[in-house]
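Reader: I am new to this structure and would like to learn how its features are read. Could you begin with a pair of helices?

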Amino acid sequence: MTAVKIIKRGDSEYPRSLLALKHPPALLYAKGNIELLTRPMVSVVGTRDCTRYGLMVAKELGEQCASAGICVVSGLAEGIDAAAHRGAMGNTIAVLGNGLDCYYPVINKELQDEIAEHGLLLSEYPLGYHGDKTTFPQRNRIVAALGRVVVAVEADKHSGTLITVRAAQALAKQIFAVPGNINCYASQGTNDLIAKGVAKMLTAPTDVLACFGSAETVKDETNTRQVTFEQKNILDILKTDEVHIDDIIVASGLPVPELSTLLTNMEMIGLIEKLPGNCYVAK
């Protein structure tokens with residue numbers, strides 16, 4: 001079983017980024033791979049009550065960042081946080097609002113244990129402390145401070161995600177938000193962040209990676225990545241020029257819902273690009 005390490009403010013392992021906080025934690029309880037604290041970090045946050053699209057974006061973003069050597073930080077909440085952690089497993093830090101030996105939410109018990117084994121759990125609260133309504137918002141300031149970049153994937157207008165964003169603003173962090181359906185509750189907060197200029201619109205994971213100077217590396221990895229049969233079929237359809245969605249439907253022979261999911265996934269991992277007029281082109 002992985003031991004818990006106590007990191008004091010002033011210790012060499014203590015993240016310098018936390019010193020920018022108005023009230024930096026005096027102690028940190030850590031369980032897992034301490035070396036992750038030395039890596040460049042991106043904080044990925046979002047609502048618990050998310051959509052399937054949001055889960056997909058968070059997981060893909062986690063995978064791409066972790067593959068580029070960027071550690072993914074989140075708060076181990078149900079929904080977007082959990083998806084980001086799963087995508088980045090092996091290169092992820094979960095910041096808890098309770099003691100490291102307590103599980104909240106219980107649904108993420110297995111995930112928490114997996115991160116302790118293959119990532120890092122971090123908390124300012126002692127073992128045995130179950131947390132309360134104040135500790136989880138407090139946890140968000142640490143999530144915001146650790147990441148050089150903060151990405152809000154989905155959030156309604158009253159989401160706790162916005163607490164993290166406000167903390168990131170106070171720390172002058174680069175903030176991105178994923179645009180969403182204007183009629184979807186889960187995108188109201190993130191769309192508002194973009195509209196007000198608080199956050200830049202995230203169009204692809206490479207937007208984040210470019211902030212770390214990693215975009216070209218990831219692009220090369222994408223070009224050599226193995227693709228599924230269905231993805232190769234779409235790439236073959238797009239190999240000559242941009243193609244309208246109606247022509248892709250005919251050429252692929254796939255049901256529209258299945259094709260829509262496939263195209264969205266391929267766009268997020270950087271295989272294709274959606275153009276104005278509902279056209280797509282291979283990248």
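Author: The crossing of helix 10 and helix 11 is right-handed, a crossing being left-handed if the near helix is turned anticlockwise from the far one by less than a right angle, and right-handed if clockwise. Helices here are DSSP runs (H or I, at least four residues) and strands likewise (E, at least two), numbered from the N terminus. This is a predicted model, in which local features need pLDDT of at least 70, side-chain atom pairs count only at pLDDT 80 or more, and totals for chains, interfaces and linings use all residues. Residues are numbered from 1 along each chain as its sequence is written, and side-chain values use heavy atoms, with hydrogens and water left out.

Reader: At what angle do helix 10 and helix 11 pack, and how far apart are their axes?

Author: Two packed helices are described by the angle between their axes and the distance between the axes. Helix 10 (residues 245-252) and helix 11 (residues 256-268) pack at about 110°, with axes 11 Å apart; axes are lines fitted to C-alpha atoms, for helices over the stretch in contact, and angles run from 0 to 180 degrees between N-to-C directions. Helix 10 and helix 11 are therefore roughly perpendicular (65 to 115 degrees; under 35 is roughly parallel, over 145 roughly antiparallel, the rest oblique).

Reader: Which residues of helix 10 and helix 11 make the contact?

Author: Helix 10 contributes I245, I248, I249 and S252, and helix 11 contributes V256, L259 and L263, where contact means heavy atoms within 4.5 Å.

Reader: How does strand 1 run relative to strand 2, parallel or antiparallel?

Author: Strand 1 (residues 4-8) and strand 2 (residues 27-32) run antiparallel, joined by five bridges, and strands pair if DSSP finds at least two bridges between them. Within this pairing, I7 stands opposite L28 in strand 2. Strand 2 also pairs with strand 6 (residues 120-123) in the antiparallel sense, over four bridges, and there G32 stands opposite L120.
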